[in-house]
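Try each task before you read its solution.

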Amino acid sequence: METPKGNVSFMTAPAPTAARSAAVRRPLIEFKNVNHAFGTRPIVRNVDLTVGQSEFVCLIGPSGCGKTTLLRMVGGLLTPTSGQVLFNGKPVNGPEKEISFMFQDYSKALLPWRTAAGNVSLALEASNVPSDQRGPRIKELLEKVGLGNHADHYPAQLSGGMQQRVQIARCLAQEPSVLLMDEPFGALDAMTRQALQDEILRLIAVSKTTVVFVTHDLEEAIYLGDRVVALYPNPGRIAQVFDVSLPSPRDQLTTREHPEFLRLRRELFDFIREGET
Amino acid sequence: MKGLKLAKAALLPVLLLILWEVVMHVRNVQSDSIAPPSQIFVAFWNAMLDGTILSRTAETLRAAMLGLALGGGSALILSIILGLVPPAARLAQFTIEVLRPVPAVALIPVAILTLGFGYGMEISLVAFATFWPVLIYGHAAIVNIDQQLLDVGKVLRLKTFARVTKIVLPATLPRYFVAFRLATAVSLIIAVTVEIAANPLGVGYELMQASQSLHPDLTFALVLWIGLVGWALNAVLLFAQRRLFGPAGVAFGIQQ
């Protein structure tokens with residue numbers, strides 16, 4: 001793998017591996033004592049968190065815990081009131097080319113007047129890819145997310161799952177090293193959601209992309225993540241970080257029946273319920 | 001079915017016209033201020049044949065459209081700037097609120113004083129009057145763009161110009177179209193008003209001439225004609241709007 005001092009045989013071993021924890025990874029995203037307030041109302045307080053390269057970190061917590069706020073800071077859409085958010089050791093100062101952002105509300109994240117191909121093209125246009133090279137790239141990207149036959153369809157003609165696939169293709173067009181996902185599957189039905197979870201895991205397994213994934217679904221967080229960061233609300237702050245030592249690749253049936261999965265689920269569930277009372 | 005609908009709609013106006021004609025003949029009215037529909041039609045036909053109406057209409061439309069292009073065009077650009085740069089909007093707000101209520105008609109004397117008679121002053125007044133609806137509607141359209149669409153432009157790192165042409169304008173195009181449709185009606189009203197009040201040009205001037213030389217038939221004919229022109233202009237734009245942005249709109253692929 002890409003970690004400079006990583007133990008290769010250890011990383012590829014199918015058994016639960018401690019090597020997937022952040023300890024051996026190069027830090028890519030760092031929150032350093034981050035605070036954010038909206039006027040006088042604190043939104044997040046004293047957040048310290050490091051996300052390693054190629055790590056999949058899930059942020060979980062009830063609404064009002066600032067998980068989207070933290071994500072928008074990494075995306076350069078928001079500047080913390082105090083503290084620092086670092087990417088590659090440098091403070092994030094507006095959106096970075098290598099960081100891609102996937103929005104929750106697909107109906108507003110795609111341009112309704114552009115086809116699926118046109119929406120993917122937007123990312124290529126933004127990074128100044130010459131127009132004669134866009135066509136084949138778009139085709140390849142849409143095929144990658146299983147929409148090869150829907151290039152000419154407008155978002156309103158596509159199902160929610162398909163629209164979210166278009167958004168994934170547009171994110172991949174940026175060739176990002178970091179993918180930020182804000183409850184991307186929250187509005188989808190259970191079957192589509194599971195299909196897209198596996199799709200994302202498959203795609204990032206190839207590209208070694210680092211992912212920060214916001215969700216309020218416990219099982220989704222455990223299923224996808226290398227680490228799950230649980231947050232408390234009002235103001236948002238880190239409550240506890242759980243290492244997920246489940247075998248990869250994950251599988252919708254066996255992973256979800258794995259004793260470790262069930263143990264974590266129970267632990268997180270109790271934890272969240274505790275936080276609510 | 002469509003014919004029947006049309007016949008129903010035409011029933012009342014046709015009856016009124018017949019009544020008007022009959023009353024004028026039965027009472028044998030001889031007047032300098034009113035004419036029977038038949039005479040109005042004859043006057044209209046003659047003015048149409050000798051080309052007065054059409055050439056006068058061309059003058060009015062020319063002033064109205066140039067004024068609209070000038071006023072609406074600059075309002076389009078300013079509304080984008082004010083919409084995307086909130087501090088600029090706050091800075092301009094007071095000036096806009098003070099200038100906007102000034103009736104364009106009240107500026108006719110000023111325009112005569114500074115620009116004299118002719119196209120220049122008429123175009124400027126139309127531009128002033130059409131500037132406001134496009135500015136206000138356009139600004140509102142831009143402020144109401146969904147924040148997430150703008151965020152998409154930001155995270156993809158689109159340059160400002162690309163953000164305007166690829167996201168802001170397509171997202172607000174239907175609303176701008178409505179603004180321009182309203183401004184078109186305004187442009188015609190102001191052009192004719194300026195012609196009636198002062199400017200020796202166009203249908204408005206012809207109308208004033210007919211009235212002052214005691215030709216009620218031509219006066220009424222011109223009034224009806226102006227109404228017809230305004231209606232036709234709006235109908236064309238409405239048709240275009242439905243084709244472009246309506247349920248079968250091509251600009252959006254399918255319905256919004």
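**Exercise 1.** At what angle do helix α5 of chain B and helix α6 of chain B pack, and how far apart are their axes?

*Solution.* A word on the setting first. This is a predicted model, in which local features need pLDDT of at least 70 and side-chain atom pairs count only at pLDDT 80 or more, while totals for chains, interfaces and linings use all residues. Residues are numbered from 1 along each chain as its sequence is written, and chains are lettered from A and ligands numbered from 1 in the order in which they are written.

Step 1: Find α5(B) at residues 108-115 and α6(B) at residues 119-143. Helices here are DSSP runs (H or I, at least four residues), as strands are (E, at least two), numbered from the N terminus.

Step 2: Read off the geometry: the angle is about 140° and the axes lie 9 Å apart. Axes are lines fitted to C-alpha atoms, for helices over the stretch in contact, and angles run from 0 to 180 degrees between N-to-C directions.

Step 3: Name the arrangement. α5(B) is therefore oblique to α6(B); under 35 degrees counts as roughly parallel, over 145 as roughly antiparallel, 65 to 115 as roughly perpendicular and the rest as oblique.

Step 4: List the partners. I108(B), A111(B), I112(B) and L115(B) of α5(B) touch G120(B), M121(B), S124(B) and L125(B) of α6(B), a contact meaning C-beta atoms, placed from the backbone, within 7 Å.

Step 5: Sort them by class: six are nonpolar, two polar and none charged. Ala, Val, Leu, Ile, Met, Phe, Trp, Tyr, Cys and Pro count as nonpolar, Asp, Glu, Lys and Arg as charged, and the others, Gly among them, as polar.

**Exercise 2.** Describe how α9(B) and α10(B) cross.

*Solution.* Step 1: The axes of α9(B) (residues 202-212) and α10(B) (residues 216-245) come within 8 Å and cross at roughly 155°.

Step 1: The two helices, α9(B) and α10(B), are therefore roughly antiparallel to each other.

Step 2: On the α9(B) side the contact uses V203(B), E206(B), L207(B), A210(B) and S211(B), and on the α10(B) side L218(B), T219(B), L222(B), V223(B) and I226(B). This contact of α9(B) with α10(B) has seven nonpolar, two polar and one charged residues.

**Exercise 3.** How many residues does each chain give to the contact between chain B and chain A?

*Solution.* Step 1: Chain B gives 18 residues and chain A gives 18 residues.

Step 1: On chain B, the elements giving two or more residues are α7 (147-155) and α8 (160-197). Of the elements, α7(B) gives the most, with six residues.

Step 2: The side of chain B that touches chain A holds ten nonpolar, three polar and five charged residues.

Methods: Contact = placed C-beta atoms within 7 Å.
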